[in-house]
Amino acid sequence: MRFGHFDDAAREYVISTPETPHPWINYLGAEEFFGLISHTGGGYCFHRDARLRRLTRYRYNGLPTDGGGRCFYLNDGGEVWCPTWAPVRAPLDRYECRHGLGYTMIAGERDGLTAEILYLVPLGTNAEVHRLRLRNRSGRRREVQVFSLIEFCLWDALDDQTNYQRNLSLGEVEVAGSTVYHVTEYRERRNHYAFYGVNAPPAGYDTDRDAFFGPGRGWDHPEVPFAGAARNSRASGWAPIASHQVEVSLAPGQETDLVFVLGYAENPPEEKWEAPGVANKAPARALLARFADSAAVDEARAGLKAYWEGLLGTCRMRSNDPRVDRMVNTWNPYQCMVTFNLSRSASYFESGIGRGMGFRDSCQDLLGFVHLVPKRARERILDIAATQFPDGSAYHQYQPLTKRGNHDVGSGFNDDPLWLITAAGAYVRETGDHSILEETVPFDNDPNDTATLFEHLRRSFHFTLENLGPHGLPLIGRADWNDCLNLNCFSTTPGESFQTTQNRAGRTAESVFIAGLFVHAAADYTGLARAAGKPEEVELGASAAARMAAAVADHGWDGEWFLRAYDYFGDKVGSRECAQGQVFIEPQGMCVMAGIGLADGRAARALDTVRARLDTPHGLVLHQPAYTRYHPELGEITSYPPGYKENAGVFCHTNPWVVIAETRLGRGERAFEYWSKIAPAFREEFSEVHRLEPYVYAQMIAGRDAPRYGEAKNSWLTGSAAWNLVAINQHILGIRPEWEGLRVAPCLPAHLAEVEVERRCRGAAYRIDIVNCGTGAAPQVTVDGHLLEGTLVPYAAPGAVVAVRVEV
Ligand code: BGC
């Protein structure tokens, strides 16, 4: 069952009922100001930091879910309804939500009156613009009262939900013209305020929540819009809001626009006041003036469109399967950009007050956007490297505002350093910019302890070599990629964090996954060492990788698949000897991606085991059998009920590793089958099972051991976006930047018969025609009419247009 459809030409997902199984959201903003917006107008906005500069309130876990947000109540001759359906939930004659690239449009119609709201954050502004367009399609004049409503957050979103003894006395507002200014704490140390204005003279306003709602009422039935009269209330402490009452009179057929601006403004300390105790409103006035008419909103929208077309034009495809095209052209790269902007901070599953930026998460996210915004990727790599410790290890997280390592979480996740190599490799292969390797970068942000980026990468690589266990495999530390496989933790205290609690000292627990990752990263490492002019590291890297691959063959192979780990006691994890957790997905995907076992048939056997043991109609589960009880020696993974999250859920991040691994064996059908099982556009048709947005990846789909098998959780901010993009673009379509050229080696399923791809890389444009004859013969590549030996298309000069034809 579907709840909408894709409009590919407009690059929009169109939701046709407000009653989706879960709020289906979108993101506004691409620079410093962001909003999360659901299909009924719910959500919130913030400037730069979702915790510390939160403009509007949001209640996670509220009931009804997704209450609040940006509300427009229409009082149409005594009947009150919302174009977004919620929060009043009066029945609509027509409803539609269009989530597009950086904007959302929600339209409702009732009794011949249509109301369409366009929400966007214009480029270069710190504001959400809400344009309400009312159209009278009936044959009679309509007198409509519009009541806007937003509720301010007192800036620090965590404090706002906890520190009531202070906060309930703090709230302050100013009202000037048609704008409400939220100036809480402006009297003291804040030099910023928020504002909500409209480009029409209001008949009234409210700024005090209690006055607007009345006793005991919720968002669905506030007194003011139902009574049809604002109270001109002034917030003093308690909960400041902003609401305008605007009177609109529409002749039959007439249409009118109102433009609301919800913004953030900062003043230099010396220009804080325009009169004693009166906030300087100049920056807000300038922004309000800019959006004084509707044409400015159209212009902003055109600007956004150009911005996104420019970015997404980097890679475009056309095939006979529109579901593939819409993932590759629009939704997968869009999600990667959102993940770049927000890391794991603010979604409908991440509260915006929790984690900082993950070291490994950020490195992997980069794989999905490096071709779209290479300059920003460069900056990101240098920021991440600057949090590294001198011994090559890494903070597990860092804070986006300060860019410093997060002491609370600390370090000890032994896969982390290797991801930095993967990120740097992806960047240099994409751009050819070797100069990044020469950049001076501090360790742990200490300006007195610096080295080149290459030296950072060298220490990352050597960190693994210096931390090997009894079998010559890498020590796992607190955990590897799977944050929940905590082999040294032994936690028995309720509520204790598995990631930060004191671990047992031990040098026994080893990770086969990190071994695979090491060999995988070694390919990038040797390439980077060559680029940096370090022949000794090229040689060392290659021989260390060979030794590691041999250690995996000797001690990391269980007979039919790769082992997962050795635990604190030296016992096997992910082995047929185990009662539960016999086969894990991560080492199968990663080791084969790294090329381990390709020559001796183990790779194929491992992937056949994945097929036999982990494959389900909803994707590949993380391991089998699921753990049915808590094991202190395994940690958090066994804390989840079977089938959820890391305990045998379909953890979408890991599936593309197996997809890529299958392409290494040339098994295009299987690769595509796995990719499409979790690709959101392919899951659209059973949205009632999947339940989350059919246009973006979720972190997890409940596995077959779970009662809610097939149901997704944690959409948007997940490494699944980047890895799935890598899988489809670079390994199924097979177009990937390598050191000396663009590899064009598709590994397609038979039904994708004709595929055209346009890929910009290093300033040149490659027009690639893939003809899939399905013969199984090696691909034949011609470049501008000349047959190539092999599949590596040499990089062309910037500005060149290269015609590539591939017969597979
Ligand atoms: C974390 C990742 C981790 C994954 C698997 C995610 O929640 O952000 O860093 O690799 O879970 O445990």
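**Entry 1: strand E18 and its partners**

I began with strand E13 (residues 142-155), which pairs with E18 in the antiparallel sense over 8 bridges; strands are DSSP runs of E with at least two residues, numbered from the N terminus, and two strands pair if DSSP finds at least two bridges between them. This is a predicted model, in which local features need pLDDT of at least 70 and side-chain atom pairs count only at pLDDT 80 or more, while totals for chains, interfaces and linings use all residues. I also noted that residues are numbered from 1 along each chain as its sequence is written, and that side-chain values use heavy atoms, with hydrogens and water left out.

Why is strand E18 (residues 240-250) largely enclosed by the rest of the structure? I found that 9 of its 11 residues are buried, so the strand is largely enclosed; buried means under 20% relative accessible area, exposed over 50%, and partly exposed in between, with a 1.4 Å probe and protein chains only.

**Entry 2: an open sheet**

Next I looked up an open sheet of 3 strands, which come in the order E37-E38-E43 with antiparallel pairing. Strand E37 (735-737) and strand E43 (792-794) stand at the edges, and because each has a single partner strand, one side of each is left without a neighbour in the sheet. From one strand to the next the twist averages 25 degrees, where axes are lines fitted to C-alpha atoms (for helices over the stretch in contact) and angles run from 0 to 180 degrees between N-to-C directions. Strand E38 (residues 741-744) pairs with E43 over 3 bridges, again antiparallel, and I found Gly741 opposite Pro794 in E43.

**Entry 3: Thr179**

I then turned to Thr179, which lies in strand E15 (residues 179-182). Is Thr179 buried or exposed? With a relative accessible area of 4%, Thr179 is buried. Leaving aside its neighbours within four places in sequence, I listed its contacts (heavy atoms within 4.5 Å), and these are Glu174, Phe195, Tyr196, Gly197 and Leu288.

**Entry 4: cysteines**

How many disulfides does the whole structure hold? My search finds 0 disulfides, a disulfide being a pair of cysteine sulfur atoms within 2.5 Å. For Cys97, the closest cysteine sulfur is in Cys71 at 15 Å, which is too far for a bond, and Cys97 is buried, with a relative accessible area of 0%. For Cys153, the closest cysteine sulfur belongs to Cys45 at 9.9 Å, also too far for a bond, and Cys153 counts as buried at 2% relative accessibility.

**Entry 5: the chain as a whole**

Last, I noted that the C-alpha atoms of the chain fill a box of roughly 80 × 60 × 50 Å, taken along the principal axes. Of its 808 residues, 63% count as buried. Among the contacts in the chain with a separation of 6 or more, 69% come from residues 24 or more positions apart.

How values were computed:
Helices (H or I, at least four residues) and strands (E, at least two) are DSSP runs, numbered from the N terminus.
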